Amino acid sequence: MPAMHFKIDEYHDIDGLIQKLNPALKLGLLIAVPVAASAVPAQKPERLALILFFTLVLAAVSKIPFKAFIGRSLPAAPFVLYAAAVFFYGMISGGSLLMDYGPRPDEVLKNSALGFVFIDFFGIKTYEQLFALVLMLKILIGLNSVIVFSAATSFNDLSGALYAFKFPAVFVRLFKNTWRYLQDFINELIVMQCASRLRFFRPKNMLGIKTFAMMFSMLFIKSLDRAHGNNMAMKLRGGGFNGDAGGEFYMPPALKSGDYKFIAIFSACALLCFYI
């Protein structure tokens, strides 16, 4: 049975290396790593492989459980499955599933340092297969980065880091409200799932459709109630969405020696990535 409470920053207080980094640094990496990966062209898949390896190392040193990555990656599962299906279809059949045009893989990867590895070892025969591989790598990089830096940073520190990056106060308040609403929405889903299991609900006929419709309606009503409650709580705390309101007080912590070491390692990896 799943846990009865969900928090996006659930693992921010465990003894991991990422948890000890400066919140502003983690917010910058949360944005920079997926953006850098999206800018890598299809002609350089080895760069994506190196960035993915870097994010996997970050996941390992953060000590976040593997099951948390699986659970939080489910919204992106259709995109990963599509890319995997196209890739393995090309590997098995040697043809294209949907895309019958594009240059030959050996022409695209002729300037790649490890192009022969992707063509021979992975059996890339079509441009669609190469496109699927690049898409899959970019999705995995984005997922790893977002999960690691959001789960390993407390909500207050992450929202405060937005002020350190000079984000408008209205944007920060909207981010906080959306963050809280998302957590409440997932918690309501978990409660309803646990309630249905405790009642041994097993849909077997048309009555199951009626039950799911009632559950969806109840979830919609509870979501509206939670959203109204979060909005009222922010207004009572002086955090409305008035654009003229001043920003909240937040003193960003100074960078420590460990932060500078991490920046040096990250810079070295970035240079190596764009050198190859």
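Thr153 touches Asp9, His12, Pro23, Lys26 and Leu158, leaving aside residues up to four places away in sequence; contact means heavy atoms within 4.5 Å. The model is predicted, with local features needing pLDDT of at least 70, side-chain atom pairs counting only at pLDDT 80 or more, and totals for chains, interfaces and linings using all residues. Residues are numbered from 1 along each chain as its sequence is written, and side-chain values use heavy atoms, with hydrogens and water left out.

Thr153 is placed in the loop between α7 (127–151) and α8 (155–164). Helices are DSSP runs of H or I with at least four residues, strands are runs of E with at least two, and both are numbered from the N terminus. Thr153 counts as buried because its relative accessibility is 1%, where buried means under 20% relative accessible area, exposed over 50%, and partly exposed in between (1.4 Å probe, protein chains only). The side chains of Thr153 and Lys26 are joined by a polar contact of 3.3 Å. A polar atom of the Thr153 side chain also lies 2.6 Å from the backbone oxygen of Phe149.

Phe88 belongs to helix α4 (residues 77–93) and is partly exposed, at a relative accessible area of 43%. Together with Met91 and Ile92, Phe88 makes a nonpolar surface patch of about 320 Å².

The protein chain has 11 helices and 0 strands. Of its 276 residues, 38% count as buried. Among contacts in the protein chain with a separation of 6 or more, 82% come from residues 24 or more positions apart.

Methods. Patches are made of residues with over 30% relative accessible area and no salt bridge: like charges are joined within 9 Å, nonpolar side chains (Val, Leu, Ile, Met, Phe, Trp, Tyr) within 5 Å. Accessible areas come from the Shrake-Rupley method with a 1.4 Å probe; for residues, only the protein chains shown count as cover. A salt bridge is a side-chain nitrogen of Lys or Arg within 4 Å of a carboxyl oxygen of Asp or Glu. A polar contact is a pair of N or O atoms within 3.5 Å; within protein, one must be able to donate a hydrogen and the other to accept it, and residues adjacent in sequence count only if both atoms are side-chain atoms.
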